[in-house]
Amino acid sequence: MAPPMASPSRRAPQRIGRWAGGAIAASLAVVAGLSVYERRPQPYAVEAAPGAARTILLAEGSRIMLAGGSLVTIDRRDARIATLDRGEAMFVVAHDAADPFEVRVGETRLVDVGTAFDVKRTSDGMRVAVSEGAVDYDPGPNAIRMTAGQGVVATRGGVMRITVDATAVGSWREGRLAFENAPMTEVADDLSRTLGITIAVAPEIADRRVRATIATAGLARDPMPLAALLDVTMRRSAQGWTMSAR
């Protein structure tokens, strides 16, 4: 008599089922991981060489104009956030109340309220000046709102409101550097970035305050006219130029 036939095994389908379930789970994990990755910040830096300004046109309609020697970081996933890492920039923002444009300077946040404004990093803080619309400095319970013709100077010593000439905001784009009660060190830094040459300040006049508008045309070739404009002595060395007391 023929031996009884073995019943078909059910183990293989179970293995297939487990494999298929694992593959689906793995696929879902990949998709979830991709989704998380796509939401992560993807910053890129844009730099303007010393002595050479640069304009960035953002896809959402805003413009960032970088002064010479400046650096800004933008997120590819969210072009409505920009970080000023160095130097100075003029922001002309396409206003969107549902998605405000934000500029970060260190730990400080500036949020537009329909705006054109200039931001400058200094050796001990920052300066903001508004030419159109309004900007909120550090939005929150203690926010400072600046409108056209107003600004803020923030240093290690604190934050101070200032009044500015709205027509002079961002005037570096037209070859004019405007200073209102700025320390000589800031003046030297701005001149160095704008002209693409090194201009230092002697310690005895480092804290001297300056109120002046300087036309920069031709100064890169010959900065000697600064002596009369700023009431200083200009001395040249192998490293560049130094401004000292007369």
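Q: How many bridges join strand β3 to β6?
A: Strands, numbered from the N terminus, are DSSP runs of E with at least two residues, and two of them pair if DSSP finds at least two bridges between them. In this predicted model, where local features need pLDDT of at least 70, side-chain atom pairs count only at pLDDT 80 or more, and totals for chains, interfaces and linings use all residues, 4 bridges join β3 (residues 63-66) to β6, and the two run antiparallel. Residues are numbered from 1 along each chain as its sequence is written, and side-chain values use heavy atoms, with hydrogens and water left out.

Q: Which residue in β6 is the bridge partner of Leu66?
A: Leu66 has Ala89 as its bridge partner in β6, and Ala89 also stands opposite Val119 in β9, a strand that 5 bridges join to β6 in the antiparallel sense.

Q: What order do the strands of the open sheet have?
A: The 7 strands are ordered β2-β3-β6-β9-β10-β13-β14, with antiparallel pairing. The edge strands, each pairing on one side only, are β2 (54-57) and β14 (158-163).

Q: Which strands does helix α2 touch?
A: A helix is a DSSP run of H or I with at least four residues, contact means heavy atoms within 4.5 Å, and angles, from 0 to 180 degrees, are taken between N-to-C directions of lines fitted to C-alpha atoms, for helices over the stretch in contact. Helix α2 (residues 184-195) packs on the sheet and touches β6 (88-92), β9 and β10, its direction making about 110° with that of β9.

Q: How many residues of β6 are buried?
A: Buried means under 20% relative accessible area, exposed over 50% and partly exposed in between, with a 1.4 Å probe and protein chains only; β6 is mostly covered, with 4 of its 5 residues buried.
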